[in-house]
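Please read them with the coordinates open beside you.

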Amino acid sequence: QVFTSLQLRSRCAGTMSRRSVAVAVTALAVRGFGLRRCFTGSAQTPLTGQRGQSLASRRVVPDAFSALGVSTHGLATFAAAIFTAMGVTTVAAKPARAESPKDRKYSLADQVARFQRAKDEKNQRYLDIDTVYDGSWLKGKRVLVVGGSRGLGLAITKELVAQGAETIGTCRGAPGGLEGLGCKVISGIDVQDTGSMQKLVKDLGGPIDLLIQNAGYFMEGKETLEELNDKEELKQIDICALGPLRVTSALYKAGLLKGGKVLIITSQAGSVEWRFTQNKGEGGDYGHHMSRAACNIAAALMSEELKEAGIPVTLVHPGFNRTEMTSKFQEIWDIEGAVDASVGAKRVLHEAKRVNMDTTGKFFNAEDGLEIPW
């Protein structure tokens, strides 16, 4: 009689899971046995007949029928038989589908957890870049590396030369590791000095296919509110944020980026969202994080301004590399998966290959190829 009065035949179209059946019959039984106020203390919402269930029926399922000596399993079996007779098919509930690596859009903020997940999943793209890296696309390309005399920049320059790219590396002072490498060296380029940009344009002598902006700076000490260093903060912002802006502007105005693309090496430190994980409960290093966040917003704006010209601008976090700049963190190199700069260089160039108008304005992690949220 209850089934008929609620017109379940017309409302329960299609299929229902066994859980839904149990909940539906529970709600009906609660009404039939007059238990609604006993277990909820308020009037219940009538059964909708759809695949959801009323709030009150969800609360009363475990207790009401235990009190009556009826198990939910027995109830589900009984209800399934009734529904089958009514022409309503029941199906077993499916377990939630585990996340597939292919479905992921964003990388993990927790560096240790990110590295561990890569090991657990045997992610070769993360653990061994040589399994996916192919630098042959660089052969014959004219590539400028700004800040190429040491660390990651030098490793990138070496790899470009090895792949047959027409490579140009810049440095502020002495060529350092660039000397004798087989690439063109433009010295005296300081990204803090707008005047030196004219020298860069002149010495470059022609358009380029790829601009890799690597010049960066990270002050030695750790900043806290008790030990701020505004001069160092401004220096980091000047180099890491205004630097790429100055270089891109100079080359664009000179017509040297036509048909080319821009890759800016930034840092995960520029993600505001990730500060609540990576700096949770401590904050600090204000200049470093502000400089990278400023770099990211500058790149996002440049990507929009250069869209009409068809010049993509993409950001990449190069991963954790064992360089002079990160030596202050060498005690965590192993647990966070820091790699040799030569590996980091291949990761960066692997990302450089896919820089196009579809990726312009986006921020990627070169470790796993996933995006980093702003």
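1. A residue is called buried when its relative accessible area is under 20%, and at 14% relative accessibility T323 therefore counts as buried. This residue lies in the loop between β8 (313-317) and α14 (341-353), and, leaving out residues up to four places away in sequence, T323 touches G151, L152, W333 and A341. Please keep in mind throughout that this is a predicted model.

2. As for the chain as a whole, it contains 14 helices and 9 strands, and buried residues make up 48% of its 374 residues. Among the contacts with a separation of 6 or more, 69% are accounted for by residues 24 or more positions apart.

3. Two packed helices are described by the angle between their axes and the distance between the axes. Helix α10 (residues 194-204) and helix α11 (residues 230-253) have axes that come within 9 Å and cross at roughly 45°, which makes α10 oblique to α11. The crossing in which α10 passes α11 is right-handed. On the α10 side the contact involves T194, M197, L200, V201 and L204, and these meet R246, V247, A250 and L251 in α11; by class, the residues of this contact divide into 7 nonpolar, 1 polar and 1 charged.

4. Helix α11 also packs with helix α13 (residues 286-305), here at an angle of about 15° and with the axes 7 Å apart, which makes α11 roughly parallel to α13. In this pair, too, α11 passes α13 in a right-handed crossing. The contributions from α11 are E233, Q236, I237, C240, A241, P244, L245 and T248, while those from α13 are Y286, G287, H288, M290, S291, R292, A294, C295 and M302. Sorted by class, the contact of α11 with α13 has 10 nonpolar, 5 polar and 2 charged residues.

5. Which residues touch the most other members of the largest nonpolar core? In this core of 33 residues, they are L144, L204, L211, V247, L251 and I264. At least two residues of the core are supplied by each of β3 (142-146), α10, α11, β7 (261-265), α13 and β8, and the largest share, 6 residues, comes from α11. As background, nonpolar side chains in soluble globular proteins tend to be buried together.

6. T167 is found in strand β4 (residues 166-170), and because its relative accessible area is 5%, T167 is buried. Setting aside neighbours within four places in sequence, T167 is in contact with V143, T157, L160, V161, C183 and K184.

7. Although D134 and K346 are 212 residues apart in sequence, their C-alpha atoms are 8.7 Å apart in space.

Key: Residues are numbered from 1 along each chain as its sequence is written. This is a predicted model: local features need pLDDT of at least 70, side-chain atom pairs count only at pLDDT 80 or more; totals for chains, interfaces and linings use all residues. Side-chain values use heavy atoms; hydrogens and water are left out. Axes are lines fitted to C-alpha atoms, for helices over the stretch in contact, and angles run from 0 to 180 degrees between N-to-C directions. Helices (H or I, at least four residues) and strands (E, at least two) are DSSP runs, numbered from the N terminus. Angles under 35 degrees count as roughly parallel, over 145 as roughly antiparallel, 65 to 115 as roughly perpendicular and the rest as oblique. A crossing is left-handed if the near helix is turned anticlockwise from the far one by less than a right angle, and right-handed if clockwise. Contact means heavy atoms within 4.5 Å. Ala, Val, Leu, Ile, Met, Phe, Trp, Tyr, Cys and Pro count as nonpolar, Asp, Glu, Lys and Arg as charged, and the others, Gly among them, as polar. Buried means under 20% relative accessible area, exposed over 50%, partly exposed in between (1.4 Å probe, protein chains only). A nonpolar core is a set of buried Ala, Val, Leu, Ile, Met, Phe, Trp, Tyr and Cys residues joined through side-chain atoms within 4.5 Å.
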